[in-house]
Amino acid sequence: MSKTQDQTFVNTFIGIIILLALIALALAGLSQYTGGTLGHVAEQRAEHERERVLQAIAPVGQVAIAGRDEAPDVVEDDVDPEVAEVEEPAEPEERPAFDAEVAQQINQAACMACHATGVAGSPVTGEEGEWAPRFEERGLDGLVNNVISGMGAMPPRGGADADDTELRWVVIWMLEEAGLAVDY
Ligand code: HEC
């Protein structure tokens, strides 16, 4: 090979190397760009998928209790009336107001026979000392339950033809006769 041939070869060789280097740089730049873009797309897709799953597993309804901060604002139009009815907070059990007259009638008809004089160890009507310890120990509900089920010589329901509410009234009346303050 002549010297000029050598020189041409070297020049061409250097040219090719520079070209390859440029191509490599271009490819690196391209992959950086597409990699970044694709990564972004994948991230968006994952985020989208996460939202979809959260929606799918979200609870069907939410119990709203009026007056609570976390209760969501209900948009009337959005609510199926039947569902809305189910979500209404339950009304507290309605109990007819204390009727002292009915209580006295039942007492006269059934309870007085024992409680007026303390037959068989029954607490005497109007004697605070005999009623206070029982009331303190069991409360109104406890006393009423014992009358309903019967206790010692006292027959179930005190032998009266009265419902649970009426028996409750008689017990309230008895406690008040004994001078005890009853919260009912
Ligand atoms: C046959 C008699 C008799 C009759 C009738 C009767 N009682 Fe009694 N009662 C008793 C006796 C005895 C006790 C005490 C039982 C004991 O302490 O073991 C008692 C206890 C009670 C007590 C207290 C219960 C407790 O937990 O301490 C209440 C309240 C009461 N009677 C209400 C009534 C009412 C109301 C009626 C009518 C509806 C009634 N009784 C009718 C005999 C009677």
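A: A polar contact is a pair of N or O atoms within 3.5 Å, and here a nitrogen atom of the ligand is 2.7 Å from an N or O atom in the side chain of H115. This is a predicted model, in which local features need pLDDT of at least 70 and side-chain atom pairs count only at pLDDT 80 or more, while totals for chains, interfaces and linings use all residues. Residues are numbered from 1 along each chain as its sequence is written, and side-chain values use heavy atoms, with hydrogens and water left out.

Q: Which side chains have a polar atom 2.9 Å or 2.6 Å from an oxygen atom of the ligand?

A: For R134 the distance from a polar side-chain atom to a ligand oxygen is 2.9 Å, and for N146 it is 2.6 Å.

Q: Which residues coordinate the iron atom of the ligand?

A: Donors are N, O and S atoms within 2.8 Å of the metal (3.2 Å for Na, K and Ca), and since water is not among the atoms, sites may look incomplete. In this model H115 (NE2) and M154 (SD) coordinate the iron atom at 2.0 to 2.2 Å. Helices are DSSP runs of H or I with at least four residues, numbered from the N terminus; H115 lies in helix α3 and M154 in the loop between α4 and α5, so the pair ties together parts that are 39 residues apart in sequence.

Q: Which element gives the most to the shell around the ligand?

A: That element is α4, with six residues.

Terms used:
A polar contact is a pair of N or O atoms within 3.5 Å; within protein, one must be able to donate a hydrogen and the other to accept it, and residues adjacent in sequence count only if both atoms are side-chain atoms. Helices (H or I, at least four residues) and strands (E, at least two) are DSSP runs, numbered from the N terminus.
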